[in-house]
Amino acid sequence: GSYKITSAVLKDVVGVEKMVLEANVSARGKSEEVVEVVEISLDANPIKALQRQSSKPSPPIPTSFLRSSPNTSSLDILVRKLNRLCHLLTLYKTTNSSPSVKEINSTTGKFIQLASQFSQKRKVGIIKENLFLNQVPHNRYVRQYFYDMASEAVLEAVVECSKGSIGNRMLMTCMFPEMNPSMDSYRIGTLLELARSVAIKLAEQNLRV
């Protein structure tokens with residue numbers, strides 16, 4: 001392009017709606033860099049002209065919906081929106097300077113760690129001390145811990161879909177060791193148990209999916 005961003009610094013976050021970046025821009029044909037201050041919405045969508053045709057960006061989650069849960073803090077909402085922006089980078093045409101999926105996943109993990117460090121009322125994303133994931137097969141209560149979380153997440157998503165808050169196309173990712181097919185600890189029985197737990201959770205609420 002005619003310009004290149006050489007560096008950028010996060011200067012401010014306005015609520016959970018937008019962030020302010022101070023970027024150093026190098027323009028073609030100019031020897032000196034220019035400093036520009038830009039406001040970016042935390043609910044931004046990728047530019048359609050640069051987006052891969054086979055990819056569809058996940059829609060932003062309304063802030064009002066995120067605040068509807070009594071256990072959700074502003075820090076949780078901020079980290080969720082920043083993680084979404086990171087994943088949107090995978091929808092762009094790749095170049096030599098584009099971040100890889102591995103780098104993006106590493107960044108989102110650091111956001112979650114940052115939230116857990118700054119959280120005062122409760123620990124965000126901290127796994128209980130008795131969940132020893134290096135023991136394979138996992139203990140029954142360890143597997144049940146993940147089944148319960150996944151079932152509650154699916155139930156919440158289905159309820160919000162029925163209200164029209166979100167779309168009806170969903171994807172659940174559950175990647176603890178026994179659910180990761182790239183690891184030798186992968187266990188097909190755990191996948192079936194998870195599917196059964198989710199199905200029972202929805203049946204208990206008399207929901208048709």
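Mentor: Start with the side chains of Glu-193 and Arg-143, which meet in a salt bridge, 3.2 Å from N to O. Glu-193 lies in helix α5 and Arg-143 in helix α4, so the pair ties together parts that are 50 residues apart in sequence. Keep in mind that this is a predicted model.

Trainee: Is Glu-193 buried or exposed?
Mentor: Buried. Its relative accessibility is 18%, and the cut-off for buried is under 20%.

Trainee: And Arg-143, buried or exposed?
Mentor: Arg-143 is buried because its relative accessible area is 10%.

Trainee: Which Arg forms a salt bridge with Glu-193 at 3.7 Å?
Mentor: That is Arg-187, with 3.7 Å between the closest N and O atoms. Arg-187 counts as partly exposed, at 28% relative accessibility.

Trainee: Which residues are linked in a network of salt bridges?
Mentor: Four residues: Arg-143, Glu-178, Arg-187 and Glu-193.

Trainee: How many salt bridges does the structure hold?
Mentor: Seven. One of them joins Glu-39 and Lys-18, with the closest N and O atoms 3.0 Å apart. Glu-39 sits in strand β3, residues 34-41, and Lys-18 in strand β2, residues 18-27. The pair links distant parts of the chain, 21 residues apart.

Trainee: What about accessibility for Glu-39?
Mentor: Glu-39 counts as exposed, at 52%.

Trainee: Switching to rings. How many aromatic pairs does a search of the whole structure find?
Mentor: Two. Tyr-145 and Phe-146 make an edge-to-face pair, 5.3 Å centre to centre with 80° between the planes. Phe-146 and Phe-176 make a stacked pair, at 4.3 Å and 10°.

Trainee: Why does the Phe-146 and Phe-176 pair tie together parts that are apart in sequence?
Mentor: Phe-146 lies in helix α4, while Phe-176 is in the loop between α4 and α5, so the pair ties together parts 30 residues apart in sequence.

Trainee: Are those two buried or exposed?
Mentor: Phe-146 counts as buried, at 10% relative accessibility. Phe-176 is buried as well, with a relative accessible area of 6%.

Trainee: Which residues do the ring pairs link into a cluster?
Mentor: Tyr-145, Phe-146 and Phe-176.

Trainee: Back to α5. Where does Lys-201 lie, and what does its side chain make a polar contact with?
Mentor: Lys-201 lies in helix α5, residues 188-204. Its side chain makes a polar contact with the side chain of Glu-152, at 2.7 Å.

Trainee: What else is Lys-201 in contact with?
Mentor: Leave aside its neighbours within four places in sequence. Lys-201 is then in contact with Ser-151, Glu-152 and Leu-155.

Trainee: Now the surface. Which residues form a nonpolar patch?
Mentor: Tyr-186, Ile-188, Leu-191 and Leu-192. Together they have about 370 Å² of accessible area. Take Leu-191 from that set. Leu-191 is placed in helix α5.

Trainee: How accessible is Leu-191?
Mentor: Leu-191 is partly exposed, with a relative accessible area of 34%.

Trainee: I also want to check the backbone. Which peptide bond is cis?
Mentor: The bond from Val-136 to Pro-137 is cis, with omega near -5°. Most peptide bonds are trans.

Trainee: Where is Pro-137 placed?
Mentor: Pro-137 is in the loop between α3, residues 101-118, and α4, residues 140-162.

Trainee: Zooming out, what does the secondary structure of the chain come to?
Mentor: Five helices and three strands. Read along the sequence, the pattern is β-β-β-α-α-α-α-α.

Trainee: How much of the chain do buried residues make up?
Mentor: They make up 28% of the 209 residues. The accessible surface of the chain comes to about 15000 Å². Carbon and sulfur atoms account for 54% of that surface.

Trainee: And what share of contacts join residues at least 24 apart?
Mentor: It is 46%, among contacts between residues at least 6 apart in sequence.

Conventions. Residues are numbered from 1 along each chain as its sequence is written. This is a predicted model: local features need pLDDT of at least 70, side-chain atom pairs count only at pLDDT 80 or more; totals for chains, interfaces and linings use all residues. Side-chain values use heavy atoms; hydrogens and water are left out. Helices (H or I, at least four residues) and strands (E, at least two) are DSSP runs, numbered from the N terminus. A polar contact is a pair of N or O atoms within 3.5 Å; within protein, one must be able to donate a hydrogen and the other to accept it, and residues adjacent in sequence count only if both atoms are side-chain atoms. Contact means heavy atoms within 4.5 Å. Patches are made of residues with over 30% relative accessible area and no salt bridge: like charges are joined within 9 Å, nonpolar side chains (Val, Leu, Ile, Met, Phe, Trp, Tyr) within 5 Å. Accessible areas come from the Shrake-Rupley method with a 1.4 Å probe; for residues, only the protein chains shown count as cover. Buried means under 20% relative accessible area, exposed over 50%, partly exposed in between (1.4 Å probe, protein chains only). Rings of Phe, Tyr and Trp (its six-membered ring) pair if their centres lie within 6.5 Å; planes under 30 degrees apart count as stacked, over 60 as edge-to-face and the rest as tilted.
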